[in-house]
Amino acid sequence: MAKAAPQLHREPDVKEIHVVWMTTGLGCDGDSVSITAASLPSIEDLVMGAIPGLPKVYVHNPVIAYEVGDDFMRYWYQAAAGKLDPFVLVMEGSIPNEKIKKEGYWAALGTDSRTGQPITTNEWIDRLAPKALAIVCAGTCATYGGIHAMEGNPTGAMGLADYLGWNWRSKAGLPIVNVPGCPVQPDNMMETLLYLLYQVAGLAPMIPLDEQLRPKWLFGRTVHEGCDRGGYFEQGQFAKEYGSPECIVKLGCWGPVVNCNVTKRGWMGGIGGCPNVGGICIGCTMPGFPDKFMPFMDTPPGASVSSSTSGLYGVVIRSLRSITQHTANTEPKWRHRRSTLTTGYQPAHYGNA
Ligand code: SF4
Ligand code: SF4
Ligand code: SF4
């Protein structure tokens, strides 16, 4: 009698999973657009059932949905009522602080049938986060606040971990998962989402995250460590103008201290990745972005020392870089959900006092 074939996959604990994708933070929908370019896996792979072992996946994202109006909103209400179980919540865009203004609102989606008032993004997070099996933040706005949370902003914008708390856990015991980038690198986001879907289906171990809640395998190396121009850096050949194939550190590249894998992974189909194709790294994956990297086109601090001693690379340079890297990996102190605005915003400076 023939032996039974070894079982490659055990049956998932759940038959279907929903992805409720909020784009109503302060943002530009760029991360939703970005993931349409993913191939490892593609969004089509996910929803068409092409991935072995996964339950049926339904994605509810306003940028790519066919449904509109009430047909689309019903998933949100079902999720909030605990009738769309299980679901993974994806947050895109930064979280405004609705506590700091006297009237109106910063961001909202849908209308509360009891009050006739818009349902703010803050309220949606309060309704959905306790019901979600996992939460993943797509892009730097949702992870750390991003562009909208820079100094002087009037909205008190912050990342989701600043809003819910950095030690927040889902009802399944998972921390918030951050996939930064402005926009998020397509395959970084889809690969992380796939990992979480496997995890909530009971088919993967706890996702490994760093202190900034980023997947370790994606953000454990610097831009510089994967850059095609590393040979020029090592030989002391530095571009003085754009269009040169040489290292662009003196034009403002922050690659040596930035955690990001696009120089290794490329952007679409393995092609691209900012410095590989001539764009300076401005640190868009980092909690300190944008403030700690501005002005963008200036030579970064420490670049002159490290580039002039590139032949003597070693312990001293790496340890100096780790100090800068630590600072860039720390958010500015004004990103919080208290009822005071501490961004230094002065209405009179912006002409609307
Ligand atoms: Fe847009 Fe960048 Fe914010 Fe994503 S992180 S919503 S791409 S501004
Ligand atoms: Fe490093 Fe930037 Fe130069 Fe690439 S271009 S080698 S990331 S400093
Ligand atoms: Fe952002 Fe720099 Fe990575 Fe480009 S290389 S995606 S600017 S962190």
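Which helices each supply at least two residues of the shell around ligand 1? They are α1 (30-35) and α5 (140-144). This is a predicted model: local features need pLDDT of at least 70, side-chain atom pairs count only at pLDDT 80 or more, and totals for chains, interfaces and linings use all residues. Residues are numbered from 1 along each chain as its sequence is written, chains are lettered from A and ligands numbered from 1 in the order written, and side-chain values use heavy atoms, without hydrogens and water.

**Sheet**
- Five strands form an open, parallel sheet in the order β2-β1-β3-β6-β7. Helices (H or I, at least four residues) and strands (E, at least two) are DSSP runs, numbered from the N terminus; two strands pair if DSSP finds at least two bridges between them.
- β2 (56-60) and β7 (177-179) are the edge strands, each with a single partner, so one side of each has no neighbour in the sheet.
- On average, neighbouring strands are turned by 20 degrees against each other, direction ignored.
- β6 (residues 134-138) pairs with β7 in the parallel sense over three bridges. Here A138 stands opposite V179 in β7.

**Helices on the sheet**
- Helix α3 (residues 69-80) packs on the sheet and touches β1 (16-22), β2 and β3 (87-92). Contact means heavy atoms within 4.5 Å.
- The direction of α3 makes about 110 degrees with that of β1. Axes are lines fitted to C-alpha atoms, for helices over the stretch in contact, and angles run from 0 to 180 degrees between N-to-C directions.
- Helix α7 (residues 186-200) also packs on the sheet, touching β1, β2, β3, β6 and β7. Its direction makes about 180 degrees with that of β6.

**Ligand shells**
- Around ligand 1 stand G27, C28, G30, D31, G139, T140, C141, G181, C182 and P183, each with a heavy atom within 4 Å.
- The ligand 1 shell has four nonpolar, five polar and one charged residues. Ala, Val, Leu, Ile, Met, Phe, Trp, Tyr, Cys and Pro count as nonpolar, Asp, Glu, Lys and Arg as charged, and the others, Gly among them, as polar.
- The residues around ligand 3 include V223, V258, C260, C274, C281 and C284. That shell has eight nonpolar, two polar and no charged residues.

**Largest pocket**
- The largest pocket is lined by 18 residues, with D210, E211, Q212, R214 and N329 nearest its centre.
- Its lining divides into three nonpolar, eight polar and seven charged residues.
- α8 (216-219) and α12 (315-328) each supply at least two lining residues.
- A pocket is an open set of points on a 1 Å grid over the protein atoms alone, where a 1.4 Å probe fits, with protein on both sides within 12 Å along at least five of seven lines; lining residues have an atom within 4 Å of a point.
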